[in-house]
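The tour begins at a pocket and then moves to a sheet.

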Amino acid sequence: LPFFVTSLYFRGSPCVFSTAAQQRSTGDECGPEDPRDEPKHPLSDCALQHKAIKLEEQVRDLTERYRKALADSENVRRRTQKFVEDAKLFGIQSFCRDLVEVADILEKTAESAAEEAEPSNPNPTLKKIYEGLSLIEAKLQSVFAKHGLQKMNPVGGKYDPYDHEIVCHVPAEGVQPGTIALVTQDGYKLHGRTIRHALVGVAVESQE
């Protein structure tokens, strides 16, 4: 019996070893494959071209949006700058309107003093008053000009509704009809903008 078992054992050993080796070999071949070893399928030329076109469209769209935003920003900057400049120039507009009324009073007073200080009137006091008022008036107009405030001189010019206001009509004697023949109240401009219209009389053809 020992001899038979021994003989059977050695006889079966090659079979057992051979079966185990075959199982290992079969297991290696049938086992799960490594996903990293799977072949990658590149995109086709058509898909790549389509993707490139979409990217180009996105770039154009973003570029256009950037240009519009840049233009809007520049417009806002210019409007803000213009607003600031106008505020600097015309911030004294209401003050100038009040000040030209003082100039009107001064001018009328100087004219009255000039009438009283005629050569026929030997009163030296009136003459000095007139000279003083004339100097003040000239200085005031100089200050006005320094700050961009100018008096209009519309006599002989064409009527402009943006600068003048008609208060009367006068016969056209020696002047062309439609021109300004007289001024009853001076008009003023601040840096070219009318802040007070001139009250004028316009010449018209006389009707016989």
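The largest pocket has a volume of about 160 Å³, the space filled by probe spheres set on grid points joined across faces, edges and corners. A pocket here is an open set of points on a 1 Å grid over the protein atoms alone, where a 1.4 Å probe fits, with protein on both sides within 12 Å along at least five of seven lines; lining residues have an atom within 4 Å of a point. The model is predicted: local features need pLDDT of at least 70 and side-chain atom pairs pLDDT 80 or more, whereas totals for chains, interfaces and linings use all residues. Residues are numbered from 1 along each chain as its sequence is written, and side-chain values use heavy atoms, without hydrogens and water.

Select Asp104, Glu107, Lys108, Glu111, Val183, Thr184, Gln185 and Asp186 to display the lining of the largest pocket. Helix 3 (93–116) and strand 3 (180–185) are the elements that each give two or more residues to this lining, and helix 3 supplies the largest share, four residues. Helices (H or I, at least four residues) and strands (E, at least two) are DSSP runs, numbered from the N terminus.

Next, colour by domain: domain 1 (49–147) and domain 2 (149–207) each contribute at least three residues to the lining, with bounds from an automatic or database domain assignment.

Now follow strand 3 to strand 6 (residues 198–204), with which strand 3 pairs in the antiparallel sense over four bridges; pairing requires at least two DSSP bridges. Centre on Val183, which stands opposite Val200 in strand 6.

Finally, show the open sheet of three strands, whose order is 2-6-3 with mixed pairing. Its edge strands are strand 2 (164–171) and strand 3, each pairing on one side only.
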